[in-house]
Amino acid sequence: MSRLLKQHPSLAWIALVGFATLCSLAVVWAQKNLGAAESAPVMKSRPKAEKHLVAIKPGPPTPRLDTGLKDAQGRAITAACSTCHSTTTPNTMRNTAHDLFQAHRGLSYAHGNLTCLSCHNAKDYDALHLADGRSVAFPDVMTLCAQCHGTAMRDYLHGSHGGMNGHWDLSKGPRVRNNCVNCHDPHHPEFPLVRPVLPPRDRISVPNVPAEH
Amino acid sequence: MNDPAPASPKTPCGGNCSCSGGSTNASPPPGDDGSTRRAVLKGLGATLGVAAYAKALAPLTELTKETSMDEFLQKHYKELSKDEIATVITRLTQEAKEQYGADVTISDPKPQEGVKFGYALNLSICNGCRKCAEACHLENNHDRPSHQSYIRVFEMTKGSMDFEKGNVHYDHPVPQPDKYYMPVQCQQCEHPPCVDVCPVEATWKEKDGIVVVDYNWCIGCRYCEAACPYHARRFNWQKPQIPAPEINPDQSYLSNRIRPQGVMEKCTFCLHRTRNGRLPACLEACPTGARVFGDLNDPASEVRYVLENKRVFVLKEELGLKPQFFYFFDE
């Protein structure tokens, strides 16, 4: 090889020019084909106009206890949860509602095996907490729910879980989406039984089974 | 009828015979007595005939009361020019005012370019509350007494897809533990058999996938109702009865304007809403969030996420009608 080049130095120049030409061809090919590959999956769809917002309804405000008293202006006097809880000892083992008393009397609780303090923050009763101990304000409760309900959150983020109102086409208008706790009572997340509305009265489909109640 | 002949000497016979009555009284002209009887019968017959004719034509007079000449001569929706559709809409608005006492706005939104509507419904979530059917009833100006709605919700036994054993008349708290609930409405088929059978082309599929009806062109033969395997089409047996305050004033020509008696109607995915970018009424009413609506052509749409990531099926797939309405499960 080296002997050949010594005998014919011009061959090196020819090889160099040839290599450069190949490189430039490869670059042109790559630009053309890879560019096409990027645009190929984009189907014929509408030009994207200015997008409106998807708003998620905020979670509940930080709860306060109604004392039943009124102030001079006739407004209800409320107390923060921490007012009482700062003087009590947190019970991390409590996972039922049947022996709750005072402000919590009558609470219906059925949320797996969670204890009260799985979600409520023993260090700050006016907030909640994540599994790693970080505090979460009540309006941001969805972050807390999503720790366990990952599949529901995944579907929610893709728009296939949870009720909504407004526009499907965000270039035409905004959309408002429900928060987890708009539909699921966090203390009793299973949907309650409901009485169906508007039974059909059309001529064709007559009842084919006797009433079941 | 059998008058005793001797009672009156003038009546027994025509006089052209040899009976005593005729021979004794020769003065009345022959045929005079007989023609009186004939005239009475003729008159009676004519009166009955006219009465029967008038009775037979009576529906026509009612028709002309309800159907104006403009409406009778109105062209097919697709052949109406912009001015003509405006005239038609003005007339329909006036009729709504005269007949229902409601101030309505009738629009005529066109399909959006590049949009193809798709609907998905999560059977794992639907609890059978029928709020969607109620919302449809209110949104689409359905007849109030008959509880008309484009949506029927089947209560089905878990593990079964037998609609004959499904129950749409359930009236107990839902959901029952051994049941699942399956709302059925127009599936907006890619190959709609209802469109194929229409003898007057009063129904067709629009560019955005919605099968619509020109209520003023429909002749009410109900072939489409028979052709639809989903029983998605409804017939207006009577003129819809809706109290004026309950009438939804946001109407469109091809969707929820008040339909006349004797025509077919069907779900239009609320095109008066969806073609303006809004969500359908049944979706907004769903308290469980079981319904997902969007543009099938948009890869980022919610409905495309469902189709690509969930266990999806269409109803009566074996018929090959390619519904644009999909059912899916969470698990």
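Helix 10 of chain B lies across strand 2, strand 10, strand 11 and strand 12 of chain B in this predicted model, at about 110° to strand 10. Those strands make up an open sheet with the order 10-2-12-11 and mixed pairing. Strand 10 and strand 11 sit at the edges with a single partner strand each, so one side of each has no neighbour in the sheet. On average, neighbouring strands here are turned by 30° against each other, direction ignored.

In the sheet, strand 2 and strand 12 of chain B run parallel and are joined by four bridges. B:Asn122 stands opposite B:Phe328 in strand 12. B:Phe328 also turns up among the contacts of B:Ala120, along with B:Val292, B:Val303, B:Val306 and B:Phe326, leaving aside neighbours within four places in sequence. B:Ala120 is one of the residues with the most contacts inside the largest nonpolar core, which has 68 residues; B:Cys132, B:Cys136 and B:Cys282 are the others.

Now for the contact with the other chain. It takes 44 residues from chain B and 38 residues from chain A.

| Element of chain B | Residues |
|---|---|
| Helix 5 | 131–139 |
| Strand 10 | 291–295 |
| Helix 10 | 302–309 |

Helix 5 gives the most to that side of chain B, with four residues. By class, the side has 15 nonpolar, 19 polar and ten charged residues.

As for chain B overall, there are ten helices and twelve strands, and 40% of its 331 residues are buried.

Definitions and conventions. Residues are numbered from 1 along each chain as its sequence is written. Chains are lettered from A and ligands numbered from 1 in the order in which they are written. This is a predicted model: local features need pLDDT of at least 70, side-chain atom pairs count only at pLDDT 80 or more; totals for chains, interfaces and linings use all residues. Helices (H or I, at least four residues) and strands (E, at least two) are DSSP runs, numbered from the N terminus. A residue is buried if 20 or more other C-beta atoms lie within 10 Å of its own, exposed if 12 or fewer, and partly exposed in between; C-beta atoms are placed from the backbone. Two residues are in contact if their C-beta atoms, placed from the backbone, lie within 7 Å. Ala, Val, Leu, Ile, Met, Phe, Trp, Tyr, Cys and Pro count as nonpolar, Asp, Glu, Lys and Arg as charged, and the others, Gly among them, as polar. A nonpolar core is a set of buried Ala, Val, Leu, Ile, Met, Phe, Trp, Tyr and Cys residues joined through C-beta atoms within 7 Å. Two strands pair if DSSP finds at least two bridges between them. Axes are lines fitted to C-alpha atoms, for helices over the stretch in contact, and angles run from 0 to 180 degrees between N-to-C directions.
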